[in-house]
Amino acid sequence: MDGVTVQERLAGHPGVAEIVLDRTEALNAIDTAMAYRLAQACAELAADRQVHAIVLCARGERAFCVGADLKERNRMSDADLLQQRPVFRAAFGGLLALPQPVLAAVHGYALGGGCELALCCDVIVADETAVFGLPETTVGLVPSWRRAGSGRARRPT
């Protein structure tokens, strides 16, 4: 399983697609396969003229996404990490490049790269369980994928 599912037509909401983070056993942590699939899903949806808006959400009750899969990264060599970098760049870049407005529906933990995934979206809707954080800053690391500036949803048409 690659950790991402796409529903191109939400029941009762034609024109709205849903990207679902689906690695509940790992609190939706992003591994290489999931990042690759997210990039692929974004490319497919960007080309779909029938999709006018996208919702990024997650399965499971505890987390939207806790960032990079550190268990996978701990098993990787330096060369593996270098090969993973463009895959992650494509995933986050694909989300940023979507021509449709993207809404993040956040519940539970949105930490590290998960928080940054939400920040790549135009609008964030968070429920009362949402916890946002960039814990990498406590060990001297800089968040890598955060977007600055106003979302496309605020641009005049």
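Is leucine 27 buried, exposed or partly exposed, and what is the relative accessible area of this residue? Leucine 27 is partly exposed, with a relative accessible area of 23%. The legends below refer to a predicted model.

**View 1. Leucine 27 and asparagine 28 lie in the loop between β2 and α1.** Leucine 27 belongs to this loop and has a phi near 55°, a positive value in a residue other than glycine. Asparagine 28 is also found between β2 and α1, and the phi of asparagine 28, near 60°, is likewise positive in a residue other than glycine. Leucine 27 is partly exposed at 23% relative accessible area, whereas asparagine 28, at 1% relative accessibility, counts as buried.

**View 2. Helix α1 spans residues 32–46.** The helix has 15 residues, and the distance from its first C-alpha to its last is 21 Å, close to the 21 Å expected at 1.5 Å a residue. Its buried residues are Met34, Ala35, Arg37, Leu38, Ala39, Ala41, Cys42 and Leu45. The cover over these buried residues includes the strands β1 (4–7), β2 (16–21) and β3 (53–58). Helices α3 (78–97) and α4 (113–119) are also among the elements that cover them.

**View 3. An open sheet of five strands has mixed pairing.** The strand order is β1-β2-β3-β5-β7. Strands β1 and β7 (123–126) stand at the edges; each has a single partner strand, so one side of each is left without a neighbour in the sheet. From one strand to the next, the twist averages 20°. Helix α1 packs on this sheet and touches β1, β2 and β3. The direction of α1 makes about 20° with that of β1.

**View 4. Strand β5 is joined to β3 and to β7.** Strands β3 and β5 run parallel and are joined by three bridges. Within this pairing, leucine 56 has alanine 104 of β5 as its bridge partner. Four bridges join β5 to β7, and these two strands also run parallel. Here leucine 103 stands opposite valine 123 in β7. The covered face of β5 holds Val102, Ala104 and Val106, while Leu103 and Ala105 form the uncovered face.

View 5. Strand β6 (residues 109–111) runs parallel to β8, to which three bridges join it. In this pairing, alanine 110 has phenylalanine 132 of β8 as its bridge partner.

**View 6. The largest nonpolar core has 33 residues.** Leu21, Phe64, Leu95 and Leu117 touch the most other members of this core. Two or more residues come from each of β2, α1, β3, β4 (63–65), α3, β5 (102–106) and α4. Helix α1 gives the most to this core, with seven residues.

**View 7. Cysteine 115 and cysteine 120 are both buried.** The relative accessibility is 8% for cysteine 115 and 0% for cysteine 120. For cysteine 115, the closest cysteine sulfur is that of cysteine 120, at 10.0 Å, which is too far for a bond. For cysteine 120, the closest cysteine sulfur is that of cysteine 121, at 6.8 Å, again too far for a bond. A disulfide requires a pair of cysteine sulfur atoms within 2.5 Å. By this rule, the count comes to zero disulfides.

Note on methods. Residues numbered from 1 in each chain as written. Predicted model: local features only at pLDDT ≥ 70, side-chain atom pairs only at ≥ 80, totals over all residues. Heavy atoms only, no water. Expected span 1.5 Å × (residues − 1). Buried < 20%, exposed > 50% of the residue type's maximum accessible area, 1.4 Å probe, protein only. Contact = heavy atoms within 4.5 Å. Core = buried A, V, L, I, M, F, W, Y, C linked by side-chain atoms within 4.5 Å. Pairing = 2+ DSSP bridges. Axes fitted to C-alpha atoms, helices over the stretch in contact; angles between N-to-C directions.
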